[in-house]
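Please read the following points alongside the sequence and the coordinates.

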Amino acid sequence: MIDRDEEQSTQILLVGIGGAGCNIVDQVAGQYINPATYPYKVDVYAINTDRQNLRNLQNVGMTIQLGKKGRGAGSDPERGRRLALKAISDGALDALKHSPDGEEAPEYDLILVTAGLGGGTGTGSGPVIVEYLREMFPEALIMGILIYPEDMEAGVKTEIAKQGLAEYYGLLDSIVVINNGSIVDPNKPISEAYELADKYVANTIMTILDISEDYGKPNLDFNDIQKALEPPRPGEQNVSKFAFVSTIELPSANDVSKVADILNERKKHLSIKSFSGARTLLVGFFHSGKSLTWEKAQAVVSILKNEIIMAGRQPYVKAGDFTKNKEGMLDRVKISVIISGVNPDSYILNALQDAAAEREVEEILKGFQDERGT
Ligand SMILES: Nc1nc2c(ncn2[C@@H]2O[C@H](COP(=O)(O)OP(=O)(O)OP(=O)(O)O)[C@@H](O)[C@H]2O)c(=O)[nH]1
Ligand SMILES: [Mg+2]
């Protein structure tokens with residue numbers, strides 16, 4: 001066991017819902033934020049209707065089963081919804097009132113929720129759980145990292161996913177949508193084809209955690225994230241809740257010229273058409289301090305800023321430099337990027353339009369499309 005950072009100020013809850021969400025938080029808890037090596041405390045919960053799935057998880061702090069039978073929601077979001085509501089009334093979700101270590105749950109600052117869309121639990125139970133979390137932790141920023149199904153599953157699954165996305169859009173403060181379809185490796189068996197998509201979800205989660213927890217000079221911290229990812233305020237025109245949150249790793253600072261191409265690839269996987277007109281740009285540079293010069297860092301910020309400015313909006317820009325305890329990185333450089341208020345891919349806009357049952361979604365979309373002509 002390593003020493004925990006007693007000064008940790010950001011209280012973070014990570015919740016996986018449904019099969020995809022639970023598998024991914026289990027991987028993140030095992031590989032990236034394992035209590036044996038990670039100096040900060042993150043409470044990790046896995047919530048599913050499927051008992052077998054929950055039994056197979058190895059690393060999460062706590063599991064919560066929705067429904068007594070534990071046989072899944074059979075790709076029926078209505079069933080997922082009912083099971084979640086029943087779990088609330090039966091007190092099964094009361095487990096969230098405590099950290100997995102048994103202490104009373106802190107006032108979480110940040111709640112990260114991840115789920116796959118298109119099934120019954122992530123799509124149907126998920127929004128009910130987000131509402132429950134909102135009520136219980138009203139001060140927390142709630143961000144969703146949602147996985148959109150790929151083409152092979154098109155049809156009923158896509159219809160379910162659209163409805164789920166619209167519902168989540170109304171409830172979350174900020175959303176990243178991972179596009180399974182652009183990421184799956186067609187040459188691998190299905191069980192392995194998702195691995196890369198899972199890495200993108202983990203990368204998004206770790207980008208937020210790294211900036212929140214590491215100390216930089218100049219520093220970027222959770223307050224910056226909160227400001228960047230808070231939902232559009234009333235009257236704030238033409239800002240979506242979609243965000244680009246990703247960390248790029250380069251073998252050396254000499255590779256910064258590759259950043260533009262890597263960003264384009266990432267945009268596709270994170271369901272983003274462009275950064276044009278975005279609201280906030282945060283960039284964190286993680287390196288040993290040996291090779292990344294001000295000029296090279298500046299070049300990266302300029303690439304990002306220029307694309308945002310194309311729509312005429314001047315974003316709020318803040319960069320942080322993190323070199324503390326990074327000697328082991330040698331020449332490697334990690335660039336963590338958070339851009340809020342981005343333009344989602346057309347497939348996301350179409351999905352939201354098709355499903356825009358909720359007034360809030362309709363209104364946000366309206367302002368959003370009029371000006372941008374999507
Ligand atoms: N990246 C990734 N995507 C997954 C994984 N498992 C499922 N998916 C995707 O997520 C969508 C929802 O699947 P699940 O999470 O298994 O569904 P569920 O929420 O458990 O719903 P039910 O099983 O019907 O109760 C699927 O359509 C897939 O596109 C996974 O392990 N990794
Ligand atoms: Mg399932």
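1. A salt bridge is taken here as a side-chain nitrogen of Lys or Arg within 4 Å of a carboxyl oxygen of Asp or Glu. In this predicted model, the side chains of Glu159 and Lys162 meet that description, with N to O at 3.4 Å. The two residues are three apart in helix 5, so about one helical turn separates them. Glu159 is partly exposed, with a relative accessible area of 44%, whereas Lys162, at 14%, counts as buried.

2. A search of the whole structure finds 17 salt bridges. One of them joins Arg134 to Asp173, the closest N and O atoms being 3.1 Å apart, and this pair links distant parts of the chain, with Arg134 in helix 4 and Asp173 in the loop between helix 5 and strand 6, 39 residues apart. Arg134 counts as partly exposed at 25% relative accessibility, while Asp173 counts as buried at 10%.

3. Lys41, Asp43 and Asp101 are linked in a network of salt bridges. By contrast, Lys69, Arg71, Arg79 and Arg82 form a positive surface patch, and Arg82 of that patch lies in helix 3.

4. Six aromatic pairs are found in the whole structure. Among them, Tyr169 and Phe242 form a tilted pair, 5.1 Å centre to centre with 45° between the planes, which links helix 5 to the loop between helix 9 and strand 7 across 73 residues. Both Tyr169 and Phe242 are buried.

5. The ring centres of Phe244 and Phe275 lie 5.0 Å apart with the planes at 70°, so this pair is edge-to-face. Phe244 is in strand 7 and Phe275 in the loop between strand 8 and strand 9, 31 residues apart, and both Phe244 and Phe275 are buried.

Definitions and conventions. Residues are numbered from 1 along each chain as its sequence is written. Chains are lettered from A and ligands numbered from 1 in the order in which they are written. This is a predicted model: local features need pLDDT of at least 70, side-chain atom pairs count only at pLDDT 80 or more; totals for chains, interfaces and linings use all residues. Side-chain values use heavy atoms; hydrogens and water are left out. Patches are made of residues with over 30% relative accessible area and no salt bridge: like charges are joined within 9 Å, nonpolar side chains (Val, Leu, Ile, Met, Phe, Trp, Tyr) within 5 Å. Accessible areas come from the Shrake-Rupley method with a 1.4 Å probe; for residues, only the protein chains shown count as cover. Lys and Arg count as positive and Asp and Glu as negative; His and the chain ends are not counted. The place of a charge is taken as NZ of Lys, CZ of Arg, CG of Asp or CD of Glu. Helices (H or I, at least four residues) and strands (E, at least two) are DSSP runs, numbered from the N terminus. Rings of Phe, Tyr and Trp (its six-membered ring) pair if their centres lie within 6.5 Å; planes under 30 degrees apart count as stacked, over 60 as edge-to-face and the rest as tilted. Buried means under 20% relative accessible area, exposed over 50%, partly exposed in between (1.4 Å probe, protein chains only).
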